[in-house]
Amino acid sequence: MNEKLIKESKEYVIKKLKSTKRAGISDLLEHMEEIGFFTAPASGGNHLCCEGGLVVHTAGVMQYAEKLGKILYSPEDWKKMKASVYIVAGLHDLGKAGAFNKAYYVENMIKDGRPTKANPDQKYKRSESKPYEINKDMLHIDHPQLSVKEADLYIELTEEEYFAILFHDGMYGSLAYYLKGHERPLQTLLHFADYWEAQFVEGKELPVPEKEDKE
Ligand SMILES: [Fe+2]
Ligand SMILES: [Fe+2]
């Protein structure tokens with residue numbers, strides 16, 4: 001992974017989240033640093049499954065969410081919703097950095113050959129196709145729920161923001177059945193931005209975060 005892209009993505013995510021001026025955001029950013037948000041992968045074996053992948057993914061989602069927000073909301077509504085868009089896009093995958101003092105992703109070690117009489121110990125190696133796996137020490141809680149839990153420790157999410165993060169996987173998420181018929185604009189916007197970024201951008205043409213916010 002391109003170190004410059006990781007660095008620029010980190011600066012971009014921090015700048016945009018700070019721009020919301022949400023009470024507690026600086027403490028949350030410190031917490032994100034501590035739990036390894038800026039070095040975590042974005043997935044186990046799919047999009048950006050490498051060190052720093054999560055922050056690059058997050059910066060990309062924030063940019064698409066901003067673009068969509070400017071198009072889909074009226075100028076007046078965009079002004080009102082701007083901070084919420086940055087908050088939900090910036091924090092939607094926070095749970096992928098970990099929670100309950102445990103990392104969400106750990107190195108995926110797979111069997112390396114078979115033990116023989118001469119070498120009876122099973123050897124292991126890092127998987128190349130799926131370098132990370134979800135930590136088996138974690139209970140079965142999906143990452144959007146961990147994201148709202150972690151964010152809630154430091155900042156107050158509005159009900160719309162909480163809903164958007166919790167249901168950001170839309171009809172592909174584990175909560176799809178519960179979401180059906182209850183979709184919301186902010187949640188749908190976040191889902192589109194996340195889906196577009198993960199499915200169509202990453203691994204093909206990586207987004208380069210904008211250096212300056214021209215507003
Ligand atoms: Fe996610
Ligand atoms: Fe995501």
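Arg-22 touches Ala-83, Ile-87 and Ile-155, residues up to four places away in sequence being left out. Contact here means that two C-beta atoms, placed from the backbone, lie within 7 Å. The model is predicted; local features need pLDDT of at least 70, side-chain atom pairs count only at pLDDT 80 or more, and totals for chains, interfaces and linings use all residues. Residues are numbered from 1 along each chain as its sequence is written, while chains are lettered from A and ligands numbered from 1 in the order in which they are written.

Arg-22 sits in the loop between α1 and α2. Helices (H or I, at least four residues) and strands (E, at least two) are DSSP runs, numbered from the N terminus. Arg-22 is buried, because 21 other C-beta atoms lie within 10 Å. The cut-offs are 20 or more other C-beta atoms within 10 Å for buried, 12 or fewer for exposed, and anything in between for partly exposed, with C-beta atoms placed from the backbone. Arg-22 and Glu-156 are 134 residues apart in sequence, yet their C-alpha atoms are 8.1 Å apart.

The loop between α1 and α2 also holds Lys-21. Lys-21 has 8 C-beta neighbours inside 10 Å and therefore counts as exposed. Its phi is near 55 degrees, a positive value in a residue other than glycine. Most residues other than glycine have a negative phi. Leu-48 likewise has a positive phi, near 45 degrees. Leu-48 belongs to the loop between α2 and α3. With 22 C-beta neighbours inside 10 Å, Leu-48 counts as buried.

Gly-24 lies in the loop between α1 (3-19) and α2 (25-34). It has 14 C-beta neighbours inside 10 Å, so it is partly exposed. Beyond its neighbours within four places in sequence, Gly-24 contacts Tyr-154 and Ile-155. Gly-24 and Gly-53 are 29 residues apart in sequence, and their C-alpha atoms are 25 Å apart.

Ile-155 is found in the loop between α5 and α6. It counts as partly exposed, with 18 C-beta neighbours inside 10 Å. Residues up to four places away aside, Ile-155 touches Arg-22, Ala-23, Gly-24, Ile-25 and Leu-28. Asp-27 is 128 residues from Ile-155 along the chain, and the two C-alpha atoms are separated by 8.6 Å.

Helix α4 comprises 17 residues (75-91). At 1.5 Å a residue it should span 24 Å, and its end C-alpha atoms are 24 Å apart, which agrees. The expected span is 1.5 Å times one less than the number of residues. A kink of about 50 degrees is centred on Met-81 in α4. The bend at a residue is the angle between axes fitted to the seven residues ending there and the seven starting there. Buried residues of α4 are Ser-84, Val-85, Tyr-86, Ile-87, Val-88, Ala-89, Gly-90 and Leu-91. These pack against α1, α3 (53-72), α5 (143-152), α6 (159-166) and α8 (185-201).

Helix α3 has 20 residues, which should span 28 Å at 1.5 Å a residue; its end C-alpha atoms are 28 Å apart, in agreement. Of the 20 residues, 15 are buried, so α3 is largely enclosed by the rest of the structure.

The axes of α5 and α6 come within 8 Å and cross at roughly 150 degrees. Axes are lines fitted to C-alpha atoms, for helices over the stretch in contact, and angles run from 0 to 180 degrees between N-to-C directions. The two helices are therefore roughly antiparallel. That term applies to angles over 145 degrees; angles under 35 count as roughly parallel, 65 to 115 as roughly perpendicular and the rest as oblique. Pro-144, Gln-145, Ser-147 and Val-148 in α5 meet Tyr-162, Ile-165 and Leu-166 in α6. By class, this contact has five nonpolar, two polar and no charged residues. Nonpolar covers Ala, Val, Leu, Ile, Met, Phe, Trp, Tyr, Cys and Pro; charged covers Asp, Glu, Lys and Arg; the others, Gly among them, are polar.

In α6, the buried residues are Glu-161, Phe-163, Ala-164, Ile-165 and Leu-166. They pack against α4, α5 and α8.

Gly-95 lies in the loop between α4 and β1 (105-107). It is buried, with 22 C-beta neighbours inside 10 Å. Its contacts, neighbours within four places aside, are Tyr-104, His-143, Pro-144, Gln-145, Leu-146, Ser-147 and Glu-150. Gly-95 and Arg-114 are 19 residues apart in sequence and 36 Å apart in space, C-alpha to C-alpha.
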